[in-house]
Structure formats: structure tokens, C-alpha cells
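Please keep the sequence and the coordinates at hand while reading.

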Amino acid sequence: MMPRTGETAAVELRTSGTSPPCPRCDTPVLLMARYPHTWRNRAGERIDGLKETVLCRSCDTSTPAAGELLALFAADGQLSAVHREALDKLVHDWLNAVRDRTPNRADLDSQEARWRDGKL
């Protein structure tokens, strides 16, 4: 169920060990976030669902909003109590930056071609 106007949507977070591998490079991820996501289909109808975004030590180094979050995990892989306060703000900033990220069309076309050739 999606939140009503003015409500805060719940975000489910998983850390490495409980997360799937990075879908971009297949390495273990540091963090996976699952959150409500809404889009419109071709008929213009609203579709409510969930979206997952991962924080990858390899793939997200060039994402500005991920920099401090990556540094937090590097400084304290277990996220001590001192760093847990910072985690909330950094995850919020990171999700705001990547929430509406769309797939790269060239990558999708390449993956489709590999799939059709039986190589994926």
C-alpha cells in the first residue's frame, strides 16, 4: 500500500550479507534499499509498486550522493552507534539522488541482444 499524501513512505534497508549482488557488476553490495515507487503505464494509469536500489562499492564511486555513505561503510563496516546517526541522513540524501535514476538504453539493448543470442 502506498502512503497517503503527507505520510512518509517506509524504506526497507538490508546490509551486505542479506542483500543480492549488484545487478550492474555482480559483486556484493553494501546496502540495498526497497521503497515504494509509482509510475504510469502506456495507458496513463498509475501503477504502485516497489523499487530496489543498491549501494555498490565499485559502481557508485562516481555518484556524488553515495560518496559519504561509501566512506561511512569504509570507516566502520559494522556501523557503530556513533555512525548510525549519520546513516539516516546519508541514506536519505543518497535515495533522493538515485530514486529516479533510469536504465541506460544502450545497456538494455546490449543485454537484450545477449539474451536473444543465449549468452545471458
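## The largest pocket

The largest pocket has a volume of about 590 Å³, where a pocket is an open set of points on a 1 Å grid over the protein atoms alone, at which a 1.4 Å probe fits, with protein on both sides within 12 Å along at least five of seven lines. Grid points are joined across faces, edges and corners, and the volume is the space filled by probe spheres set on the points. The lining consists of 18 residues, of which Pro23, Arg24, Arg101, Thr102 and Pro103 are the closest to the centre of the pocket; a lining residue is one that has an atom within 4 Å of a point.

By class, the lining holds eight nonpolar, four polar and six charged residues, with Ala, Val, Leu, Ile, Met, Phe, Trp, Tyr, Cys and Pro counted as nonpolar, Asp, Glu, Lys and Arg as charged, and the others, Gly among them, as polar. Strand S3 (46–55) and helix H3 (105–116) each contribute at least two residues to this lining.

## Basis of the model

The model is predicted, and local features need pLDDT of at least 70, side-chain atom pairs count only at pLDDT 80 or more, and totals for chains, interfaces and linings use all residues. Residues are numbered from 1 along each chain as its sequence is written, while side-chain values use heavy atoms, with hydrogens and water left out.

## Overall architecture

Three helices and three strands make up the secondary structure of the protein, and along the sequence they follow the pattern β-β-β-α-α-α. These elements are DSSP runs numbered from the N terminus, helices being H or I with at least four residues and strands being E with at least two.

Of the 120 residues in the protein, 27% are buried, where buried means under 20% relative accessible area, exposed over 50%, and partly exposed in between (1.4 Å probe, protein chains only). The accessible surface comes to about 8,600 Å², and 51% of it belongs to carbon and sulfur atoms, as computed by the Shrake-Rupley method with a 1.4 Å probe. Among contacts (heavy atoms within 4.5 Å) between residues at least 6 apart in sequence, 44% join residues at least 24 apart.

## Nonpolar cores

In soluble globular proteins, nonpolar side chains tend to be buried together. A nonpolar core is here a set of buried Ala, Val, Leu, Ile, Met, Phe, Trp, Tyr and Cys residues joined through side-chain atoms within 4.5 Å. The largest one in this protein has 16 residues, and Leu31, Leu55, Leu69, Phe73, Val91 and Trp94 touch the most other members. Strand S2 (31–40), helix H1 (64–75) and helix H2 (81–98) each give two or more residues to this core, and H2 provides the largest share, six residues. A second, separate core of five residues includes Cys22, Val29, Met32 and Val54.

Strand S3 holds Lys51, which counts as buried because its relative accessible area is 18%. Beyond residues up to four places away in sequence, Lys51 touches Ala33, Arg34, Tyr35, His37, Arg99, Asp100 and Arg101.

Thr53 also lies in strand S3 and is buried, with a relative accessible area of 5%. With residues up to four places away again set aside, Thr53 touches Leu31, Met32, Ala33, Tyr35, Trp94, Leu95, Val98 and Arg101. Leu31 is 22 residues from Thr53 along the chain, and their C-alpha atoms are separated by 8.4 Å. Val98 and Thr63 are 35 residues apart in sequence, with a C-alpha to C-alpha separation of 8.7 Å.

## Exposed positions

Asp26 is found in the loop between strand S1 (12–15) and S2, and its phi is near 70°, a positive value in a residue other than glycine. Asp26 counts as exposed because its relative accessible area is 58%. Leu120, in the segment after H3, is likewise exposed, at 55% relative accessibility; not counting residues up to four places away in sequence, Leu120 touches Gln111, Arg114 and Trp115.
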